[in-house]
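Work through the exercises below with the sequence and the model in view. Each task is followed by a solution in steps.

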Amino acid sequence: MEERGIKNSDFCSKTLDDLLHQAVLDGVFPGAVVLGAVGNAALFHQAYGWANVFTRQPMDVETVFDLASLTKPLATTLAILTLIDERRIGLDQSVASILQWFGTAGKSRITIRQLLTHRSGFPAHRPYFEKVNHLNAIEATCQVRKWLTDEPLINSPGCQTVYSDLGFMVLAWVVETVTQQQLSDWVAAHIYAKSGIGDKLFFPAIQDIKRQRNYAATELCPWRKRVLEGIVHDDNAFVMGGGGGHAGLFGTAYGVWNLLRILLQDAQGKGKSRLLSAPLAKLLFQRDAQSDRPIGMDSPAPVGPSCGHSFPPTAVGHLGFTGTSFWMDPNKERIVILLTNRVHPSRDNSKIRCFRPPFHDAMMAVLGEL
């Protein structure tokens, strides 16, 4: 379609731009930063709306977001795969062989692979924070890990897929036991520094009061009684010091894209591996033989996929509760990142569910034309 001399790609870009502006006006989210890339080229990278509706701080492309559950693939999964690459743990090793006392309550057969693919038998979530928010982070972490050890399983390990924060909280515990470092510190030194991403992805310290970055605000938290900026939104991660295996990672759209781009190159065996050996990097981009998901990632839902209808069934991605997501088409090297603060000022706003599919279809139209 061409009109008044506008090229197809210009028309597609305008459609996408209009869609995002309208989403801000309609209250889908206060603001967003979006990035669409093919190969090594970021072809669309724009900011929309407000980082904070109370201060009227605008979004810009360097705005830092609470990435929420993107922590699972972009931090915890990579830490585990790196330790497997170094032969310090095994993918099918039992968790009980690493964590003392973990073999109780039917957990002796749970493997690392099952935690990574959400087939461990753990329930999805437990509000542990409600009982430990009066403790310091070390005390709270110890208590939460005792509860994780005692937590009854809802399925036998390996039998059913139930997306679970608790499983990734256990994976963080595995990383910290093996490395004798906090997950946040180990990932920063062994993954983000090594990849050259620098501070585009990081776990902010809760006690850091400088807050000199432009953070996208999240919720007006009912129990912390403040608007959260640069402080992890997830309640369980907060009481455990801010960084958990399931949440706590912050970053920019550019930082997310750079890490994904490197992982895809590693999986393709293009040049010398920068983060993971090709066999392990490939696990991120193919469905696991024992599951319906890739290792640490998600795949498009068979009905009403959040990534729309332009991504193939072989796509991989992940969503974050705060309004963040990425989706990738590994075969054509297309990556789409949508970072929003849809929980600002309240998590009750769920309009993004209807927005995500048409957004991804519009972005893929742009990438297909450029």
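## Exercise 1: A threonine in a helix

Thr 82 has a relative accessible area of 10% and is therefore buried. The model examined here is a predicted one.

**Task.** Find the element that holds Thr 82, and list what Thr 82 touches beyond four places in sequence.

**Solution.** 
1. Thr 82 is placed in helix H2.
2. Setting aside residues up to four places away in sequence, Thr 82 touches Trp 186, Ile 191 and Leu 276.
3. Two of these names return in the next exercise: Trp 186 and Ile 191 belong to the H7 side of a contact with H2.

## Exercise 2: H2 against H7

**Task.** Describe how H2 and helix H7 (residues 183–195) pack, giving the angle and the distance between their axes.

**Solution.** 
1. Two packed helices are described by the angle between their axes and the distance between the axes.
2. For H2 and H7 the angle is about 70°, and the axes are 10 Å apart.
3. Angles of 65 to 115 degrees count as roughly perpendicular, so H2 is roughly perpendicular to H7.
4. H2 and H7 cross in a left-handed way.
5. On the H2 side the contact is made by Leu 74, Ala 75, Thr 76, Leu 78, Ala 79, Thr 82 and Leu 83. On the H7 side it is made by Leu 183, Trp 186, Val 187, Ile 191 and Tyr 192.
6. Sorted by class, the contact of H2 with H7 has ten nonpolar residues, two polar ones and no charged ones.

## Exercise 3: H2 against H6

**Task.** Decide whether H2 (residues 71–85) and H6 (residues 165–179) are oblique or roughly perpendicular to each other.

**Solution.** 
1. The axes of H2 and H6 come within 10 Å and cross at roughly 45°.
2. Angles under 35 degrees count as roughly parallel, and 65 to 115 as roughly perpendicular. H2 and H6 are therefore oblique to each other.
3. The crossing in which H2 passes H6 is left-handed.
4. H2 brings Lys 72, Thr 76, Thr 77, Ala 79, Ile 80 and Leu 83 to the contact. These meet Asp 165, Phe 168, Leu 171, Ala 172, Val 174, Val 175, Val 178 and Thr 179 in H6.
5. The residues of the contact of H2 with H6 comprise nine nonpolar, three polar and two charged.

## Exercise 4: Two positive phi values

**Task.** Arg 87 has a positive phi, and so does His 118. Determine whether Arg 87 is buried or exposed, and whether His 118 is buried or exposed.

**Solution.** 
1. Arg 87 is not a glycine, and its phi is near 60°. It lies in the loop between H2 and helix H3 (112–116).
2. Arg 87 has 77% relative accessibility and therefore counts as exposed.
3. His 118, also not a glycine, has a phi of about 60°. Its loop runs between H3 and helix H4 (129–132).
4. His 118 has 3% relative accessibility and therefore counts as buried.

## Exercise 5: A buried loop residue

**Task.** Locate Leu 249 and name its contacts beyond four places in sequence.

**Solution.** 
1. Leu 249 is in the loop between helix H8 (235–239) and strand S8 (250–251).
2. With a relative accessible area of 0%, Leu 249 is buried.
3. Among its contacts are Leu 74 and Ala 75, together with Tyr 192. Leu 74 and Ala 75 of H2 and Tyr 192 of H7 also take part in the contact between those helices.
4. Other contacts of Leu 249 include Phe 65, Asp 66, Leu 201 and Phe 203.

Key:
Residues numbered from 1 in each chain as written. Predicted model: local features only at pLDDT ≥ 70, side-chain atom pairs only at ≥ 80, totals over all residues. Heavy atoms only, no water. Axes fitted to C-alpha atoms, helices over the stretch in contact; angles between N-to-C directions. Helix = DSSP H or I, 4+ residues; strand = E, 2+ residues; numbered from the N terminus. Parallel < 35°, antiparallel > 145°, perpendicular 65-115°, else oblique. Left-handed = near helix turned anticlockwise from the far one by under 90°. Contact = heavy atoms within 4.5 Å. Nonpolar A, V, L, I, M, F, W, Y, C, P; charged D, E, K, R; others polar. Buried < 20%, exposed > 50% of the residue type's maximum accessible area, 1.4 Å probe, protein only.
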